Structures are given as C-alpha cells and as structure tokens.
Amino acid sequence: MFCVECGKEVSKLYNGLCVKCYLKKEIFFSPPKKIDVFVCRNCGALKINKKWEKGMDEIIANFLKKYVKKGIECVEINFIPESKEVVFKGMLNDVLIEERKKIDVRVKNSLCEMCCRIKGGYFEAILQIRGEQQLTKKEIERIDDIVYENLEKKEKAFVTKREERHGGIDYYIGDKHFAADIAKMLKEIFHAEMNVSSSLAGKKDGKEVYRLTYGIRIPAYSKGSYVEIEGKLYKIEDIRKKIHLYDLTTGRGIHVYKKDMKKAKIVDTEEKEAVVLSIKEGEIEIMDPETFNAITILTPFKIKENVVKIIKWKGKAYVVQKKGN
Ligand SMILES: [Zn+2]
Ligand SMILES: [Zn+2]
C-alpha cells in the first residue's frame, strides 16, 4: 500500500495516508473556542454542564473529553489557566498525538443549587437534641463537632439553621439521610434515647412531602458519673444494655435498666486523693484533703493502700476505690 500524499509504502493506511501524513492533516481534538464556567458566589462551586463541582482545572478537562475524535485514546487533557491553553495528548494505535488549543474560559457569577437551598431555608429533617438536664457547654461543643465534622465528609448535606433551644440544640438539615446517620451516631455515643416523628410539609409534584424530626434525649449521666438512687450513692462504671453501678456503701456492683435511671439524681462531686492515717477492719482514718482534719470512713472491705480516692456527699466521705485495686 502506498500513501497518496508522499508515495511511501506502508502496511497500514489511514484515509489513504501513511501515519505521518495523516497526523499532519487530521485534527483529533476540537474543543469549543469559548466555554462558560458558572461560579457559585457563596461557596465557590463550579459548573460547566449540569453538575456543581469543585476544582476548576479538573472540571474543564473532564468537560473537554467529549471533543476528542472517536477512535483516539485520550491520555490526558490539561488546562493551563495562565496561557488559556488546553494541551491534549492521545494515542492513535502506538502513535502519541499532542495538540494545543486556545480556549476562552468565561467565568460567570451564579449561585449553586445547594446554596440556593440553604438561602431559601430548605430542610428535610430536624435533629432535635435535648438533655435530660440542660446540656453542658462541653456536651454542646461535642455535638457540634460530631455534626460539622461529618458534614464535611458529605457532599450534598448541609445545615440550614442551628438553634439553641430549651437547653438543647436544633439542627435543620438539608439531607434526610445525613440526619438519620447523625441521629444514630449521637444515640450510640451518648447512650441517648431516640424517637422519630414525621409531619406533612406540603406537596411536591403531586406527592406528599414529609419532614422528619429526630428527637435525641441525652441522659444527664455518663460513665464515671455519681448518682443518687433512693438515697444511696452509686458510681456509674459502665453503660451497656444495662447500666453498671457500683454501690459505694456496700462495695458491690449492680446492673439496672436504663428506665430505672429515671429516678437517679446526678451527684455533683469530685474525686480527691487522701492520705490514709490508719487502717482497721471495716474503717480507715484519712486526712481530709480540704480541711486537713482526720476523719473516719467506713469501708466495705479492708483497705491496703496508703493513699485512697474519696468523694464527699452530704457531709460524708466515701472511698471510691474498689476491692483489690
Ligand atoms: Zn505519507
Ligand atoms: Zn454554592
């Protein structure tokens, strides 16, 4: 076979031409001269086609893939903003093709779908987080961290509104799946109770649209808390299906159901270390770490340590230590 252009004898022809002549004549990449990129003025998201995305150079490169001639393998498309140039590299069988094209990228101001929704107050679910007692600052911080850190991982989720109400927080969430995930997460982390309710929000395309409310009730106690139940003092050792309590008077552990904790009152106290002055069967004498007076504490078992952890409650001191510790 001979090339009609240069007359060279070759084993394969492209449109009657040898590879060399074919590459000279043919255009393999024909991008448009101008493309419009819409930029969301709120979040910086970009759109050329239908989707809002991040990363100008990648979006342009992806968009231009369809302008590569059929049958040519696209190796890479690089947009160089400084020179407003696109470099195309492709393969025709074993031959590398490179073409450079000028492209005028026009940036247009816009507002992306998500920001539109946020601005319009759109939401699909409410996370209503309450404490059995008013949530502490620390708890609120921790909940915020959980919500917003997970939000960053989800592309389509957003919080339309956050409100501190009735000692808790309401999050208005733009994605119901995200709301469900977070509700489940908070339930597990805080050993909280959860209930879900839905209300009719209106109609869309003839279909009824429901909004979900996830009510999360965070217990006032957590692992390590001290509680009073029916006049007795307990430390919460663990929270599983049941609550593991340590009775500071008897030195025994008991397990109770979460519903039994309704009658538990949180005891506001702090563990302190105290020096042991003398030890007897069933009682020790310690130096009160606040007043430096010697006080006697009844103990459910024999103490062996020279220093013990104690707490005070209603004018009485208790040894926190467990047997054998
Ligand atoms: Zn030729
Ligand atoms: Zn946006």
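Analyst: The open sheet comprises three strands in the order β2-β1-β6, with mixed pairing. This is a predicted model, in which local features need pLDDT of at least 70 and side-chain atom pairs count only at pLDDT 80 or more, while totals for chains, interfaces and linings use all residues. Residues are numbered from 1 along each chain as its sequence is written, chains are lettered from A and ligands numbered from 1 in the order in which they are written, and side-chain values use heavy atoms, leaving out hydrogens and water.

Helices (H or I, at least four residues) and strands (E, at least two) are DSSP runs, numbered from the N terminus; two strands pair if DSSP finds at least two bridges between them. Because β2 (46-47) and β6 (104-110) each have a single partner strand, they form the edges, and one side of each lacks a neighbour in the sheet. Strand β1 (residues 34-40) pairs with β2 in the antiparallel sense over two bridges, and F38 stands opposite K47 in β2. Helix α2 (residues 56-64) packs on this sheet, touching β1, β2 and β6 (contact: heavy atoms within 4.5 Å). The direction of α2 makes about 140° with that of β1, where axes are lines fitted to C-alpha atoms, for helices over the stretch in contact, and angles run from 0 to 180 degrees between N-to-C directions.

As for the metal site, the donor residues of the zinc ion (ligand 1) are spaced C-x2-C-x11-C-x2-C in sequence. The pair C3, in the segment before α1 (19-25), and C21, in helix α1, links distant parts of the chain, 18 residues apart. C3 counts as buried because its relative accessibility is 3%, and C21 likewise at 7% (buried: under 20% relative accessible area, exposed over 50%, partly exposed in between; 1.4 Å probe, protein chains only). Donors are N, O and S atoms within 2.8 Å of the metal (3.2 Å for Na, K and Ca).
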